[in-house]
Amino acid sequence: MGTHTLSDSLNHTFDQIILREGSQSLKYDGKLQTFGANDVTPMWVADMDFAIPEAITKALLKRANHPIFGYTIAPESLYETLIDWLLLKHHWQVKREWIVLTPGVVPSLNLIVAALTVENAGVIVQPPVYFPFFSAVTNQNRRLIENPLVLQDDSLGNLQYQMNFAQLDDCAKDAKLLMLCSPHNPVGRVWRKDELQSLLAIAKKYDLIILADEIHADLVYSNAQHISLSPLASESEPSSSNEPHCIITAVSPSKTFNIPGLGLSALIVPNIEYRQKIVAHLDKIGVSVTNPFNLVAFEAAYREGGDWLNALMAYLQSTVDAAVAFIQAYFPQINVIRPQATYLLWLDCRKLNLNDEALKRFFIEEAKLGLSPGAMFGRGGEGFMRMNIGTSKANVMAALTRLKHALA
Ligand SMILES: Cc1ncc(COP(=O)(O)O)c(C=O)c1O
């Protein structure tokens with residue numbers, strides 16, 4: 001007889017089907033608006049159908065029991081839990097004064113572009129990529145410079161995305177900022193040390209600022225290891241160097257612990273000049289970053305969510321394995337790119353020979369599945385679909401079975 005472990009009981013939690021309709025859920029209650037149909041299984045916007053760690057719920061309930069919801073101030077203990085998390089999980093010693101709290105990572109992308117670049121400045125993005133990367137540039141009237149990822153065979157004969165460094169070197173001549181998605185949404189890559197070092201070398205050569213969006217850094221599978229860009233950059237510079245540290249990192253517990261609706265994230269900005277500009281910009285728009293609920297959830301997540309996260313990753317790994325095996329066995333027309341991180345599957349549907357509108361309609365009308373069309377993620381996303389598997393394994397397998405019948 002095996003012993004009953006915490007992870008067994010959490011597996012049970014992840015298998016549980018929780019009705020989300022009627023909970024003001026964008027993913028569920030926004031189905032009709034998004035897909036024009038209510039009979040689709042929603043596997044699009046990146047939140048998960050799993051109950052959050054109990055410690056977060058307890059902290060929220062405790063706060064809800066206090067009858068006054070006034071303006072808030074972040075306690076020092078919140079900064080300490082983030083510092084501890086980054087040290088423990090990512091071997092990165094962050095200083096308290098580097099941390100700037102922000103109301104989410106998408107607002108942070110917009111904020112950095114606005115605060116650290118001037119109108120018409122060149123900003124590099126690497127499509128296919130999370131689509132707010134594009135709007136963060138165009139919203140502020142900056143110039144979008146694209147350095148598309150390349151899908152090619154890795155040394156093991158698997159198709160994998162790579163960066164195009166030769167073209168990046170060319171793009172960088174005309175740019176001020178590069179927005180890196182690490183790990184990468186939607187293609188699921190975890191960038192290797194040598195890749196990040198090549199990127200840093202180009203940034204140094206052309207004096208580029210890099211904004212590293214590391215929101216998915218905790219959602220990495222066991223076959224890969226996330227490396228934070230900022231400490232890697234520091235490693236290669238002598239401590240006496242007075243060169244400004246040009247990396248800004250966005251981190252957040254929102255994807256990791258399934259609390260994106262609460263909207264609290266952090267920027268790690270070692271460079272004091274950049275930090276002052278960012279804080280000044282944040283002040284200028286008068287936005288209130290913290291509130292009674294996002295503060296307690298943020299702190300409880302990083303302080304007490306570790307075991308839940310380990311169990312989550314084991315569960316997601318088994319779902320990815322089952323889904324990839326199913327797709328490879330039954331869908332010769334669809335090639336799945338095995339993710340090294342994230343709960344998102346990137347499906348190469350180009351062999352179906354459908355244009356993007358027809359592909360979208362096929363998934364909605366024939367397979368009854370609400371996925372994110374790859375074309376949304378920019379150049380190189382055409383003919384792909386992104387499937388959110390952050391739901392019970394039974395739900396994922398039922399969706400794939402529906403797709404199998406639709407393809408037949
Ligand atoms: C790369 C990336 N950045 C940012 C976000 C969203 O961040 P937030 O909800 O904090 O604005 C997502 C959500 O999917 C994402 O994938």
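A residue counts as near a molecule here if one of its heavy atoms lies within 4 Å of it. This is a predicted model, so local features need pLDDT of at least 70 and side-chain atom pairs count only at pLDDT 80 or more, while totals for chains, interfaces and linings use all residues. Residues are numbered from 1 along each chain as its sequence is written, and side-chain values use heavy atoms, with hydrogens and water left out.

**Stop one: the ligand**

Select the ligand, then A46, G104, V105, V106, P107, Y130, C181, N185, D213, I215, H216 and K255, which surround it. Color that shell by class and you'll get 7 nonpolar, 3 polar and 2 charged residues (Ala, Val, Leu, Ile, Met, Phe, Trp, Tyr, Cys and Pro are nonpolar, Asp, Glu, Lys and Arg charged, and the others, Gly among them, polar). Helix α6, residues 105-116, gives the largest share of the shell, 3 residues (a helix is a DSSP run of H or I, at least four residues).

Now show the polar contacts (pairs of N or O atoms within 3.5 Å). Which side chain has an N or O atom 2.6 Å from a nitrogen atom of the ligand? That's D213. On K255, a side-chain N or O atom is 2.9 Å from a ligand oxygen, and a polar backbone atom of V105 is 2.7 Å from an oxygen of the ligand. The protein covers 90% of the 390 Å² of accessible area that the ligand has on its own (Shrake-Rupley method, 1.4 Å probe).

The space taken by the ligand is the largest pocket. On a 1 Å grid over the protein atoms alone, a pocket is an open set with protein on both sides within 12 Å along at least five of seven lines, a cavity is a set of points where a 1.4 Å probe fits but cannot get out, and lining residues have an atom within 4 Å of a point. A molecule sits in one if more than half of its atoms lie within 2 Å of its grid points.

**Stop two: the cavities**

How many cavities of 30 Å³ or more does the structure hold? There are 2, with volume being the space filled by probe spheres set on the points.

For the largest, at about 70 Å³, select W85, L86, H90, E214, A217, D218, S228, V251, S252 and Y302. Helix α5, residues 76-90, supplies the largest share of that lining, 3 residues.

Finish with P253, S254, I259, L262, G263, L264, N294 and F298, around the second largest cavity, which holds about 40 Å³. Its lining has 5 nonpolar, 3 polar and no charged residues.

Terms used. Polar contact = N/O pair within 3.5 Å; in protein donor to acceptor, adjacent residues only side chain to side chain. Helix = DSSP H or I, 4+ residues; strand = E, 2+ residues; numbered from the N terminus.
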